[in-house]
Amino acid sequence: MGGSNQQAPRLVASIDETKIGQTGDKSEQDVINRGSIYYGKDKGSVSVVMPLRDRNGDSIAAARVVMKSFAGQTEQNALARALPIVKEMQARIQTRDDLAQ
């Protein structure tokens, strides 16, 4: 999802290609604008929305990581599981223009 200078963030990548291009919701916009982190829990899964930062540390996009939950799943260990995934994505994205490639 990208762009704090755009009207609404749009999905630019997904394992489900039919979702690409859909508009993000308020949580993604808040992550981009304020660098917030969101955690959500559904039956059998957890999701974490974290900022993707450019080389200057500015939030340029939001990454939603959905994972299977397990017995004893907490918000802290969900964040710990999502962080390496987001860092790997962040290493590939240095500027907002990299999101469009």
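Mentor: Let us begin with R34 and D30, which both lie in helix α1, four residues apart, about one turn of the helix. Helices (H or I, at least four residues) and strands (E, at least two) are DSSP runs, numbered from the N terminus. Please note that this is a predicted model, in which local features need pLDDT of at least 70, side-chain atom pairs count only at pLDDT 80 or more, and totals for chains, interfaces and linings use all residues. Residues are numbered from 1 along each chain as its sequence is written, and side-chain values use heavy atoms, with hydrogens and water left out.

Trainee: What does R34 form with D30?

Mentor: A salt bridge is a side-chain nitrogen of Lys or Arg within 4 Å of a carboxyl oxygen of Asp or Glu. R34 and D30 form such a bridge, with their closest N and O atoms 2.6 Å apart.

Trainee: Is R34 buried or exposed, and is D30 buried or exposed?

Mentor: Buried means under 20% relative accessible area, exposed over 50%, and partly exposed in between (1.4 Å probe, protein chains only). R34 counts as exposed at 63% relative accessibility, whereas D30 counts as buried at 15%.

Trainee: How many salt bridges does the count come to?

Mentor: The count comes to four salt bridges. One of them joins D25 to R64, and their closest N and O atoms are 3.9 Å apart. D25 lies in the segment before α1 (26-34) and R64 in strand β3 (residues 59-68), so this pair ties together parts that are 39 residues apart in sequence. D25 is partly exposed, with a relative accessible area of 41%, and R64 is partly exposed as well, at 40%.

Trainee: Which residue forms a salt bridge with E88, and where do the two lie?

Mentor: The partner of E88 is R92, the closest N and O atoms being 3.1 Å apart. Both residues lie in helix α2 (residues 75-92), four residues apart, about one turn of the helix. E88 counts as partly exposed at 44% relative accessibility, while R92 is exposed, with a relative accessible area of 63%. Salt bridges that share partners also join D25, E28 and R64 into one network.

Trainee: Which residues is T95 in contact with, leaving aside its neighbours within four places in sequence?

Mentor: Contact means heavy atoms within 4.5 Å. With those neighbours left aside, T95 is in contact with D54, R55 and I60. T95 is found in the segment after α2 and is partly exposed, with a relative accessible area of 23%. The C-alpha atoms of T95 and A61, 34 residues apart along the chain, are separated by 9.9 Å.

Trainee: What pattern does the protein follow along the sequence?

Mentor: The protein has two helices and three strands, and along the sequence they follow the pattern α-β-β-β-α. The radius of gyration is 13 Å, close to the 13 Å that the globule rule gives for 101 residues, so the protein is as compact as a globular protein of that length. That radius is taken over C-alpha atoms, and the globule rule is 2.2 Å times the number of residues to the power 0.38. Along its principal axes the C-alpha trace spans about 40 × 30 × 20 Å.

Trainee: What percentage of the residues is buried?

Mentor: Buried residues make up 37% of the 101 residues in the protein.
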